[in-house]
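Please look over the sequence and the model shown here, and then read the short report that follows.

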Amino acid sequence: MIKTSTPALLGGNPVRDVNSKPWPSWPIWGKEEEKVLLDVLHSGVWSYNGKWEKQFNAAFASYVGTKHCISAVNGTVTLQLALEALGIGWGDEVILPGLTWQATAATVIDVNAVPILVDVCEDTWCLDPAKVREAITPRTRAIIPVHLYGCFTDMDELMSIARENNLFVIEDCAHKHGGTWRGQKAGSIGDIGSFSFQLSKHLTAGEGGALTTNDEDLASKLDALRNCGRRPETAAGSSDKGAGYYEDDGNFIQSGNYRITEFQAALLTCGLKRMPDQNNLRDKNASYLNEKLEGIDGVLPMRRDDREEPAFFNFSFRYDRKKFRNLPVEKFREAISTELGLQVDTCYEPLNNASLYCPHTKPSRHRITDKYWDQINPKRFSLPVCEKVYEQQAICMHHSALLGITEDMDDIINAILKIRESAEEL
Ligand SMILES: Cc1ncc(COP(=O)(O)O)c(C=O)c1O
């Protein structure tokens, strides 16, 4: 006979019947999106520098609290353009976390610099400032903190390390649209903020990205870089502050087409109006979940600092199999996923062994010298915390689950409790 407590994985009733109680879906849109997309369609202005792009850039800059926002085609290209605008390239090293999406590192190689993979803090999965300090060499030019799953590293400490060592900071905000550190929004703390608007993100047009900065000169370089090297429409003129782009030519610089379309900008303008309320709801639900997790032996919430106001992205927490009768983390994920009818994942693969971060598969592009070839070998980096988090601890759920009601959050907690009780059977 099947007991009520039998895990769904073994044929029992799941905690949640998703046929009668589906999870909130993503993306979210309404009549306004339909209207603006038709507006763009009928206008015939489908490409760049249109009214929607200008409107979105102004609105997003104001949201993030920076003087400038420049939209681009996605959040990979934005990282590449940020590095280029800062003049980072051959001979330079860039420090970034070993736990992130491959683009954070791959773009460093795409500008011919060397990504230096640094380990993370176990309770935030973000750059460990002490390890950043150890990784600095005379060649280091920049640090890219990634606010992974909406967490922050100690940004006070990171910014002082950067300032002491004269390093640029590019914030990878692909997971943090909103959220403040000491009252400053993510994307306004470092020299440049890089955002993704890919479908899985808080603000989305299917694909898309944006760069935020307070620096006039950087903004004008970024604008040119995303637009085939054309100087910005409103800020033409020459400048040669540091990055060396304008030395010979006051008008144009070498670049490609990384522009966003009016369709994307129109969707993003609508999404940005919805996002603050969605962020508040996610934060309320995630804080509720974290409070409940505190009371369960064997699961640990991610650390949130007193200096930050959160903007939770995909909901993540840590698992300890010892407290779950040695149930492997893979089995735990599968079991709660089945109880909830919700995809439950691990985190990104550590970049020293990630299937999609493999620079040595492109020798014709990246084997510039034998020395460089060795320097960009991801396997040379030791990342014990990233490996531990990935192999033993990480539990991640898509942020749309946080757009439900308190009862939905109780289902998540009940699923964890049920698995804890039935761990032996599994
Ligand atoms: C941390 C991080 N950085 C950069 C990116 C790249 O963004 P995009 O997919 O828009 O190119 C992503 C995308 O998932 C990401 O998660």
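Two residues are said to be in contact if their C-beta atoms, placed from the backbone, lie within 7 Å. Helices (H or I, at least four residues) and strands (E, at least two) are DSSP runs numbered from the N terminus. This is a predicted model, in which local features need pLDDT of at least 70, side-chain atom pairs count only at pLDDT 80 or more, and totals for chains, interfaces and linings use all residues. Residues are numbered from 1 along each chain as its sequence is written.

Helix 13 (residues 406–421) has buried residues that pack against helix 8 (262–294), strand 10 (299–301) and helix 9 (329–340). Buried here means that 20 or more other C-beta atoms, placed from the backbone, lie within 10 Å of a residue's own, whereas 12 or fewer make it exposed and a count in between partly exposed. Among the buried residues of helix 13 are Met-409, Ile-412 and Ile-416, and also the charged-type names Asp-411 and Lys-418.

Most residues other than glycine have a negative phi, and most peptide bonds are trans. The peptide bond from Trp-26 to Pro-27 is cis, with omega near 5°, and Pro-27 lies in the segment before helix 1 (31–43).
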